[in-house]
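Please read this note beside the sequence and the model.

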Amino acid sequence: MTGQLYTKEIKKAIVAFWLKRKKSEKRRKRPAATLAVFFEICYNKGMGKILTDLHVHTAFSADGKSPMEEILSAAKRKKFGYIGFSEHFDCRFRGRFRALENGEDVEKFAYESAFTDADRYFSRGRALQKKYAKKLTVLLGAEMGFVEDLDMQERYCAVIGEYRPDFVINSVHKTAEKSFYKEIYKNPDGSVPPKAEVYGAYFETVEKSLDAIYPYDIVGHLAYCARYAPYEDRRAAYADFKDPIDRILKKIIAKGKILEANTSYPFGDGFLPDSEVFARYYELGGRKVSFGSDAHAKDRIGDKRERVIETFKEIGFTHLTVPVRGEHILLEI
Ligand SMILES: [Zn+2]
Ligand SMILES: [Zn+2]
């Protein structure tokens, strides 16, 4: 008899709880971040591993190949929990040119090459975000290619202010003069500049990028200078660039940013920066890490994810950090 009563009471309490919950759900619309927290709770209760990839380019990026919808259906098939799009907003320096402006001969810069059409990207992306809400969390992010030019940084601020991306990756693709996409490795006389010089310039630019005036969450592909380098040993080894790497890692930690493992790198560990750098980051107290394939087509999403997760675990990391509109979601690995 007591047992029956007890069961009845519990049933009543459960019904009351759900009714109350339904009412309050009607009153307020739940933001994506709340849904993300729900996923986190489920995960931590052992409902299964949540797969994430927070660095994916679609055909909205100048160099992206697959339409957004194709990537999402591939992600759904592969049972991803989070897919973060990171279209390029990149004022790449292509060279100075002279032009006549109001009859005056002025020097201009070509910057537009990799600047995503934000209107089209965010409106299509937000629609798909809703459409997929029950199947996977779609995050609409942006990869800002760092430029020292403050006018351009303000332009990034304007994009972020107007379209409110769910997260921002801050990446260095170039120095003030030359791109690390092959260009910097070729002197005008055809010779190749020494590695210490090019990589030194790279890390110097990354240090500056950490103080960018636009808000960002993730530091993208640290050691990117190694991706297209022509050197036989292309590694940006921690031992060779100890001081700048330490300064960078300490700053990332002090600023509460997230260090990305980027698997668009077919050499060494198979991701950037290499495991020694992550180990040093951990040693210095860094705990915020993310996974990004930097896929530019649907077949690469989640590429080498297991390898990265295994390395993270070996080092001591226990979580991935997923930034969602300023909130940091922790997912156990
Ligand atoms: Zn990049
Ligand atoms: Zn990218």
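1. Of the protein's 333 residues, 39% count as buried. Buried means 20 or more other C-beta atoms within 10 Å of the residue's own, with C-beta atoms placed from the backbone. This is a predicted model: local features need pLDDT of at least 70, side-chain atom pairs count only at pLDDT 80 or more, and totals for chains, interfaces and linings use all residues. Residues are numbered from 1 along each chain as its sequence is written, while chains are lettered from A and ligands numbered from 1 in the order in which they are written.

2. The protein has nine helices and twelve strands. These are DSSP runs, numbered from the N terminus: helices are H or I with at least four residues, strands E with at least two. Among contacts between residues at least 6 apart in sequence, 78% join residues at least 24 apart. A contact puts two C-beta atoms, placed from the backbone, within 7 Å.

3. How do helices α3 and α4 cross? The axes of α3 (residues 68–77) and α4 (residues 118–131) come within 11 Å and cross at roughly 25 degrees. That makes α3 roughly parallel to α4, a label for angles under 35 degrees. Axes are lines fitted to C-alpha atoms, for helices over the stretch in contact, and angles run from 0 to 180 degrees between N-to-C directions.

4. M68, E69 and L72 in α3 meet R124, G125 and L128 in α4.

5. G145 sits in strand β6 (residues 137–145). G145 is buried because 23 other C-beta atoms lie within 10 Å. The C-alpha atoms of G145 and G220 are separated by 9.5 Å, though the two residues are 75 apart along the chain.

Conventions: Angles under 35 degrees count as roughly parallel, over 145 as roughly antiparallel, 65 to 115 as roughly perpendicular and the rest as oblique. A residue is buried if 20 or more other C-beta atoms lie within 10 Å of its own, exposed if 12 or fewer, and partly exposed in between; C-beta atoms are placed from the backbone.
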